[in-house]
Every structure is written in C-alpha cells, then in structure tokens.
Amino acid sequence: MPNTTVCPLAKKCGGCQLQNLSYPEQLHLKQATAIRLLGRFGHVEEIIGMKDPYHYRNKVQAAFGVNRQGQIISGVYQSASHRIVPVSDCLIEDKVADRIIVTIRKLLKSFKIRPYDEDTGRGTLRHVLVRRGWRSGEILVVLVTAHGMLPGKRNFVRALLQRHPDITTIVQNINAGQTSLVLGPHSEVLYGPGYIHEQLGDFTFRISPRAFYQINPVQTEVLYRTALEYAGLTGTETVVDAYCGTGTIGIFASRDAARVIGVENNRDAVRDAISNAKANRADNVRFYTADASDFLQGMAKAGEHADVVILDPPRAGSDTAFLSCALALAPRRIVYVSCNPETLARDLNFLTKRGYRAEKIQPVDMFPHTDHVECVVRLDKMN
C-alpha cells in the first residue's frame, strides 16, 4: 500500500528516500536491512517505530539563496548537489521551525540582507538553523552569516521577535570558510542566553548552537532507555561514555552507576555536558575534552578499568584504534549505539573476534521516511 501522505518535493529533495512506502512497509524494509547486516551476530529484535512519524525533527536548518528570477529562496540542498530546493513546509520538520524560517526569508528584503553567493563571495546570510525544545518549548534561532556584518541587526531581531514572540534566543554564527559545514567557529548572542533547555526523561539538558543533540526527541527517549537497560547497571559500576556529546547518555546512566566518565572532542558539547551534569545534580559524572582513543589509551596505561563502555559514534562508526583502546579497559559489557548498521556490522565483527558476544540487537526508527536505521547492541565479555 503506498504512502497516502506523499511530500510533493520528495523527488526533488531526495532527503526522504522512503516516501513512496507506507510507514509499516518502511519499518519492514528497515527490519530486513538490520537482519541482513547484523543477523549473523545474533537475534535482531523487532524495530521500534513511531506512532506519529511526521514533523519529528526538532532541529531544522535551511540554506538561503536567490533563484533565476532574483527572488530569495530557502530550503534544502538537493541530494548530492549544492542546488537549493525551496521548502516552506516539510513533512518531517517541526512546523514552528518551518514557519520561523519562512518569516526570516520574507524579512530579508526589507532589511536589505542578501543571501550569500558562494561563486561571487557577495551577500551575507548562508543558513538559518532552528532548534525547538519538544517539552520545554524553548526555541533557538541561529543566523549563519559569511561575515560579521549583519545590516540592521537589532531591528531585524526585533521584527523577528514581534512575529514569533515564542523565540527564546537568537545567535549570529559566522562561517567565513569555503566549507560544506553549516556552522562556523565564532558566534555572537543577539538575544537571550545563547542556548535552550530541553527535558529528556527526568533530566534537563542545555543545548547550544554547535553541540550535538539527537533530533527526534520521542525516539531519543526510546533509544536511551534501551541503552541503559542493556547496560544493566546496579550502582557499583564505572561507566565510560565515549563520544558523549552534551552528556545525555552519561547523565542518564549516572543514577544507576558508581561513576561515569564522558569523553568528547567537541569543546562546546563538553561545556554543555558539564553544565548539564551540574543542573541535574549528577555529581558522579566527569566530562573531558579529548580524542576518545587517546583518552581511553591513557586510562588503560594508568591501570584504570571500566565495567561498562557506552559508544555512540558518528555515522562512520568507530575505528580499530578506538575499539582496541576500549578493549584495553576490559569492560564486562559494551553498549553500542549506532546510526549506521553497515559500520556497526564492521565494528561488531572486530569486537566479536576479540572476546565479546552480541547478546541483544534492537533497531529503533529514529528517522521515519528516510533509509537510516538506528540500533542498540549489547555485547558481553565471554569468560
């Protein structure tokens, strides 16, 4: 049965590869993918889907440009290109975030703010990023510019707030590089504190513009609760949270562990993680800015031990250097949270050949209508 809510931009955009399938068909396909790639390591549980698989992305970013008629457009880059597909209302993006981006697009002309042109180097606005707290309702707007100048900055902020008084903070981020990265290294707070808060489970987390935070709040709770269940903590364990981001998984684990050590190479994320630990009174958590491999290697050389190692790497997965360092800590259990079953299969192959067995494999649908599959795997050390 085809999907009855097909996006009219699905073919042009390319972001939602499974729009032509009904949601049950999408889940069936993802389950089959997980079994094909991971089934040789153990039983793959039934994928956990969403009750309402629409408008789940609470982080929305739009590129800005000018079309052939000279009109300002905003939207997403067409898959594998730098061509902007104009978007005003996306079926998987937060509705409020989409409305804010449309308002910004309409305001630009009256404030004589031009989109940045990569070919000529002229113009100002490159992207707009909006994060909205699903539970808190707080909204962060990031205006990404090619340089520090933003004409009529104060009046522009005032006009935007008049139309969207629910915005809690606005930040100008400066990205002067010729890069595919959306955000640059420098930011200036134009309104509010420069970050938002969001509730996840019983905890509150601070989210700043450059810090990583999961974009599907409903499924994030499912994912993290599964990871903690698989960790099997009893209150006596030392837990290492590698690739810890803003500290979400580590702080989740803190109530059931003796101590938690988080490591992350994104300095902004670690700053948020430390703040989050204080705000949630997680006194048994310590976060460090470092390369995960180097940090774990240092722990092993110092004779330190971890009972549980939790991994949540980027799509490229871990590498053999990191995994070898993790094994040097001789954890009795590894919980691997993955957003790419192909690199997960590669890493599981490495780990299962070195004394670990995959006991549980749970797929979670974090990104409905796309071909992405998230998985949580529990690996136990064999005696």
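## Close-up views of a predicted model

View 1. Searching the whole structure for disulfides turns up 0 of them. Cys244 is accordingly in no disulfide, and the nearest cysteine sulfur, which belongs to Cys339, sits 16 Å away. Cys375 is in no disulfide either; here too the nearest cysteine sulfur is that of Cys339, at 10 Å. Is Cys375 buried or exposed? With 0% relative accessibility, Cys375 counts as buried.

**View 2. Helices α8 and α9 meet in a left-handed crossing.** α8 covers residues 292-301 and α9 covers residues 320-328. Their axes come within 8 Å and cross at roughly 25 degrees. Angles under 35 degrees count as roughly parallel, so that is the label for α8 and α9. Which residues do the touching? On the α8 side they are Ala292, Ser293, Leu296, Gln297 and Ala300, and they meet Ala321, Phe322, Cys325, Ala326 and Ala328 on the α9 side. Sorted by type, the residues of this α8 and α9 contact come out as 8 nonpolar and 2 polar, with no charged ones.

**View 3. Helices α3 and α4 cross at roughly 135 degrees.** α3 spans residues 95-108, α4 spans residues 153-163, and their axes come within 11 Å. That angle makes α3 oblique to α4. As for handedness, α3 goes past α4 in a right-handed crossing. From α3, the contact uses Ile100, Thr103, Ile104, Leu107 and Leu108, while α4 brings in Phe156, Ala159, Leu160 and Arg163.

**View 4. Asn58 sits in the loop between α2 and β1.** That loop has α2 (23-38) on one side and β1 (59-66) on the other. Is Asn58 buried or exposed? Its relative accessible area is 9%, so Asn58 is buried. What is Asn58 in contact with, once neighbours within four places in sequence are set aside? The list runs through Asp94, Val130, Arg131, Arg132 and Trp134, then on to Glu198, Gln214, Ile215, Asn216 and Pro217.

Note on methods: Residues are numbered from 1 along each chain as its sequence is written. This is a predicted model: local features need pLDDT of at least 70, side-chain atom pairs count only at pLDDT 80 or more; totals for chains, interfaces and linings use all residues. Side-chain values use heavy atoms; hydrogens and water are left out. Axes are lines fitted to C-alpha atoms, for helices over the stretch in contact, and angles run from 0 to 180 degrees between N-to-C directions. Helices (H or I, at least four residues) and strands (E, at least two) are DSSP runs, numbered from the N terminus. Angles under 35 degrees count as roughly parallel, over 145 as roughly antiparallel, 65 to 115 as roughly perpendicular and the rest as oblique. A crossing is left-handed if the near helix is turned anticlockwise from the far one by less than a right angle, and right-handed if clockwise. Contact means heavy atoms within 4.5 Å. Ala, Val, Leu, Ile, Met, Phe, Trp, Tyr, Cys and Pro count as nonpolar, Asp, Glu, Lys and Arg as charged, and the others, Gly among them, as polar. A disulfide is a pair of cysteine sulfur atoms within 2.5 Å. Buried means under 20% relative accessible area, exposed over 50%, partly exposed in between (1.4 Å probe, protein chains only).
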